Amino acid sequence: MRLVWIALALLGIQALFAWHGLGAQEVLARCLFIAIQCVALAAIAAQYRRDPTPIRGLWLLLALAVGMQVLWAGTNLIAQIYGDPRGWLTSTGVVLSGLYMIPCMLMIARSFDRREPRAVLILDLALSAEVGVLLCALVFRIIGGVGEPTSADIYVIIHHADAIDFSLSILALLRMLGIRSVHGRFFYFCSAVFLWTNAIAAAIYNRVELSGLPPWSMPMIGLAYVALATAVSRPIPRFLWRYRPSRRITQTIVSFAPVVTSLAVLLLAVSVSRLNYILGMIAAVASVLLYALRVAFIQSRNQDIQRIAQLNNQRLQQQVGRDPLTGIANRSLLDTRLPAIWRDGARQGKTCALLMVDIDFFKQFNDSQGHLAGDECLIKVATVLAANVTAPQGLVARYGGEEFAIVLPDAHEAQAIEVAEQLIEAIERIDIPHPQSPLGRITVSIGIATLICSSEGSATVLLEAADQAMYRAKELGRNRHETTGTPVFDPSRAPCERPAS
């Protein structure tokens, strides 16, 4: 708060001198005004050191905006001390005063998203530089032209200044309402306090300057910098802690700010075209082109993000739906896909076949050969099953342990039996030694269920029927396949008991 008391003391001294008739054009009055501006800069520098890294860039831009106003005041002071017979210093001061809007535009239009393409920052800088060119052209054409500028010419600049100042004030307030970070809201709160106070004071100052500055005019424009130093130095207000905008409001305001900024540049270009048609039209086309490129780069970035998100989602789905050992579908994916296949078949009146495959005497193989050999066996069997099932939309999944489930949509019993026979032969051909098996090698038993899909039934019955058929194949000697023997679904049929292994 020391800086606030210093600013208030300087403003009080300035007001006291004004009360005793010290003119606004006097060197002492201008020096006091520059001192107040420097105190505001010191307050911003102190806040810059306190705030977290993502917000520091904003404080630098605000400091740059205030710095442009300090340069304006310094130019006027030099003109007051050494004179300005040709009016160049006065024109330069007006341009410097107006150029404060460039950092203000950047801190309002920028989203400060680290993922935003660097090209967008370059385009924003180009748009801001265009404002500087237009402003210089406007001021030097009116004030620095041949002869004395008329009152109407001066009012053209004043009206442009009012439009710029109040537009920036409104946008700073909107950004305060649309940022989710409390430190960000505090920054835009301080900016809005400064911009609103400065806009009102500048509107009055610019008009009274036409008839000569009264003594009270200098303390009046110093109020904006005292208000800024006070707002920055005090703790964050409670209402900024309590207020938290929704994500939709934040996205809307962040997207809306660059549109308004580009529109303001376009209107300024149209206004300049009345004095310099070629420059105004070039600037108008450039503002539209720069904004279009900005939108194109952001859309390209968003499309890249969506594409990456889709790929990550697909990879995640694959990881979630895959058995980590064998690489084929897992039980979770089977439980999702089988009911969907059943519903599709029920709408079209199709059949669905399911094969339940179990490795014979696998427990004995695991116990005698070890778990690593058991894992290798599971991988080889899963690979053979997946390679021999080529039915459209067919699914091979690890059901659990040494059991596998194979779904054959729109397949009849004869087709399912043919697939089962191919699988049994393929498993025999890989010839995995199994000393504990009567056949001396790894074999499989397959249960086949083929049912007509119906909205009255469910895929669970298909699983139960195939499981029962598989246990019947085990009871009848293993290394074989068995079917349910009933291709038509009957919802009234009671499920059979699971046979013992």
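My entries on salt bridges and a surface patch follow.

**Entry 1: the model.** I note at the start that this is a predicted model. I read every value below as computed from that prediction.

**Entry 2: salt bridge count.** How many salt bridges does the structure hold? I find 12.

**Entry 3: R398 and D323.** I checked the closest N and O atoms of R398 and D323 and found them 3.4 Å apart, in a salt bridge. Buried or exposed, I asked of R398 and D323? Both are buried.

**Entry 4: D344 and R347.** D344 and R347 both lie in α13. They are three residues apart, about one turn of the helix. Their closest N and O atoms are 2.2 Å apart, and I list the pair as a salt bridge. I then looked up the cover on each partner. D344 has 36% relative accessibility, so I log D344 as partly exposed. R347 has 64%, so R347 goes down as exposed; the cut-off for exposed is over 50%.

**Entry 5: D360 and R478.** I found a salt bridge between D360 and R478, with the closest N and O atoms 3.9 Å apart. This pair also links distant parts of the chain, its members being 118 residues apart. D360 is in the loop between β1 (351–359) and α14 (362–369). R478 is in the loop between α17 (459–475) and β5 (481–483). Why does D360 count as buried? Its relative accessibility is 0%. R478 is partly exposed because its relative accessible area is 23%, and buried would need under 20%. I followed the shared partners onward: salt bridges join D358, D360, K474 and R478 into one network.

**Entry 6: nonpolar patch.** Which residues make the nonpolar patch? I list V27, I78, I81 and Y82, with an area of about 420 Å². Helix α3, residues 53–82, gives the largest share, three residues. Y82 is found in that helix. I checked Y82 on its own: its relative accessibility is 68%, so Y82 counts as exposed.

Notes: Residues are numbered from 1 along each chain as its sequence is written. This is a predicted model: local features need pLDDT of at least 70, side-chain atom pairs count only at pLDDT 80 or more; totals for chains, interfaces and linings use all residues. Side-chain values use heavy atoms; hydrogens and water are left out. Patches are made of residues with over 30% relative accessible area and no salt bridge: like charges are joined within 9 Å, nonpolar side chains (Val, Leu, Ile, Met, Phe, Trp, Tyr) within 5 Å. Accessible areas come from the Shrake-Rupley method with a 1.4 Å probe; for residues, only the protein chains shown count as cover. A salt bridge is a side-chain nitrogen of Lys or Arg within 4 Å of a carboxyl oxygen of Asp or Glu. Helices (H or I, at least four residues) and strands (E, at least two) are DSSP runs, numbered from the N terminus. Buried means under 20% relative accessible area, exposed over 50%, partly exposed in between (1.4 Å probe, protein chains only).
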